[in-house]
Amino acid sequence: MADQEPTNFLYPFIDAEEDDPTSLLADLAASARAKAAESLALRRSTLEANADLLGRAASEMARRFAAAGRLFTFGNGGSCTDSTTLAALFARPSVGTGLPAWSLTADQAILTALGNDVGFELVFARQLIARAQAGDIAIAMSTSGNSPNLLAGLAEARRRGVYTVGFAGYDGGAFASDPNVDACFTVRSQSVHRIQESQALLGYQLWLAVHDRLGGKGSGAA
């Protein structure tokens, strides 16, 4: 039965034996404020720790975009949606001209065909073989930095002369020491939620820095 499943680790206040709704609401509000403060502090420290790397990566990405380079993003699970959002930000920004950017997880037919025919570990690498070329950019987003299909994609991208960027959490995982990753942005947290919140801000700041270096103009919408 669903009502017998232990959920107190996710919802400690809801599962608690609490008869006073006022006290329960106060506890929930305090918990929300604590999480918001934790998220804000982590996002600030992450931006500070990655400021120099962000500037270097933005400069290289802007140089490649200016020379007709394209951006490919990819990730798994929640990082899949984050990478798709990042590609959309570059391709269809609220200001300025869009840049050529695609998410490698956007086409369900391609993903399922490759997963079925050649294996899930190669769903990104095989797309990059077909589409990427020297001068392009690849961004892989992950909380662990250890996903085999992301590492395979980054390795293939690097072999093809693509500038590779990794987003990771915890201590950076395999991304941090992989020679196939040109730039690794690490969010040093043990919480998947906080990691993804900070990665979203990093992605926005990366787009903004590229946008600024291109003079507020893209090289053409995707």
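## Ring pairs and salt bridges

Glu197 is partly exposed, at 31% relative accessibility (buried means under 20% relative accessible area, exposed over 50%, and partly exposed in between, with a 1.4 Å probe and protein chains only). The model is predicted: local features need pLDDT of at least 70, side-chain atom pairs count only at pLDDT 80 or more, and totals for chains, interfaces and linings use all residues. Residues are numbered from 1 along each chain as its sequence is written, and side-chain values use heavy atoms, with hydrogens and water left out.

**Aromatic rings**

- The structure holds five aromatic pairs (rings of Phe, Tyr and Trp, the last by its six-membered ring, with centres within 6.5 Å; planes under 30 degrees apart are stacked, over 60 edge-to-face, the rest tilted).
- Phe72 and Trp102 are one of them, and they count as stacked because their planes meet at 25°, with ring centres 5.9 Å apart.
- This pair links distant parts of the chain, 30 residues apart: Phe72 is in strand S1 (residues 71-75) and Trp102 in strand S2 (residues 101-103) (strands, E, of at least two residues and helices, H or I, of at least four are DSSP runs numbered from the N terminus).
- Phe72 is buried at 0% relative accessibility, whereas Trp102 is partly exposed at 30%.
- Phe167 and Phe185 make a tilted pair, 5.2 Å centre to centre with 55° between the planes.
- Here strand S4 (residues 163-169) supplies Phe167 and strand S5 (residues 183-187) supplies Phe185, 18 residues apart; both residues are buried.
- Arg131 sits over the face of Trp102, 5.3 Å from the ring centre (the rule asks for NZ of Lys or CZ of Arg within 6 Å of the ring centre and within 35 degrees of the ring normal).

**Salt bridges**

- There are seven salt bridges (a side-chain nitrogen of Lys or Arg within 4 Å of a carboxyl oxygen of Asp or Glu).
- Within helix H3 (residues 51-66), Arg63 and Glu60 are three residues apart, about one turn of the helix, and their closest N and O atoms are 2.7 Å apart.
- Glu60 is buried at 19% relative accessible area, and a salt-bridge network links Glu60, Arg63 and Arg64.
- Arg70 bridges to Asp136, with closest N and O atoms 2.7 Å apart.
- That bridge spans 66 residues, from the loop between H3 and S1 to the loop between helix H6 (125-131) and strand S3 (137-141); Asp136 is buried at 1%.
- Back to Glu197: its partner is Arg194, at 2.9 Å from N to O, and both lie in helix H8 (residues 192-213).
- Arg194 is buried at 10% relative accessibility, while Glu197 is partly exposed.
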